[in-house]
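Here's a quick briefing on charged side-chain contacts. Take a look at the model first, then we'll go through the pairs.

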Amino acid sequence: TDALTQVAKEIFIPLTVGGGINTLDDFDRVLKCGADKVSVNSGAIKDPSLIEKAAKKYGDQCVVLSVDVKRVDGKFCVFAKGGRENTGIEAIEWIKNGEKNGAGEIVVNSIDTDGVKKGFDIELLKIVNSVVNVPVIASGGAGCVDDFIKLFKEIPDIDAGLAASIFHFGEVKINDLKKELKENNINVRI
């Protein structure tokens with residue numbers, strides 16, 4: 001919470017916090033430290049009522065359902081514990097139920113493409129985007145600017161594309177990405 005409080009004092013963009021969110025008290029703690037939204041994954045798997053309880057207490061806009069998805073025998077399955085444990089839960093129904101129970105945003109991390117840097121999981125993202133009416137954020141697979149362009153061209157109404165290592169290691173600069181997206185007629189704030 002000390003690091004979160006310090007970050008919240010220094011940045012002035014919406015801040016979503018996740019990791020170790022298992023109870024309403026965890027929601028309360030990170031919100032009081034400056035988070036705008038709270039991302040829940042394994043905590044919701046352990047206690048699916050957590051999504052509904054948090055949405056009722058803090059509002060749907062505050063609850064982000066993060067889902068780690070991997071194909072197993074041709075089906076999309078939900079994984080827990082950082083993608084190490086197959087829960088046996090069918091991912092598309094889990095996501096639909098998450099929205100129904102109050103998740104105001106869905107982060108879809110494809111374990112199949114995460115870290116590969118060969119592009120987002122367009123097939124999975126198209127399905128998820130077609131079955132929910134809340135913002136969908138794509139995660140897992142971005143390796144270059146063209147991966148983002150393809151994401152937004154293939155799924156024009158997806159809300160965001162998420163990446164980490166390509167920014168951390170300087171492979172792509174955020175301002176360069178935004179410029180390229182704008183040049184490709186993709187709506188982006190510069």
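Which residue forms a salt bridge with R71, and how far apart are the closest N and O atoms? The partner is E123, with the closest N and O atoms 2.9 Å apart. A salt bridge here is a side-chain nitrogen of Lys or Arg within 4 Å of a carboxyl oxygen of Asp or Glu, and the structure holds 13 of them.

Some ground rules: this is a predicted model, where local features need pLDDT of at least 70, side-chain atom pairs count only at pLDDT 80 or more, and totals for chains, interfaces and linings use all residues. Residues are numbered from 1 along each chain as its sequence is written, and side-chain values use heavy atoms, leaving out hydrogens and water.

**Links between distant parts**
- R71 sits in strand β3 (residues 63-72) and E123 in helix α6 (residues 122-131), 52 residues apart; helices (H or I, at least four residues) and strands (E, at least two) are DSSP runs, numbered from the N terminus.
- R71 is partly exposed at 28% relative accessible area, and E123 is partly exposed at 48% (buried is under 20%, exposed over 50%, partly exposed in between, with a 1.4 Å probe and protein chains only).
- E154 pairs with K126, the closest N and O atoms being 3.3 Å apart.
- E154 is in helix α7 (residues 145-154) and K126 in helix α6, so this pair ties together parts 28 residues apart in sequence.

**Shared partners**

- D28 bridges to K32 at 2.8 Å between the closest N and O atoms.
- Both D28 and K32 lie in helix α2 (residues 24-32), four residues apart, or about one turn.
- K32 is exposed at 67% relative accessible area, while D28 is partly exposed at 23%.
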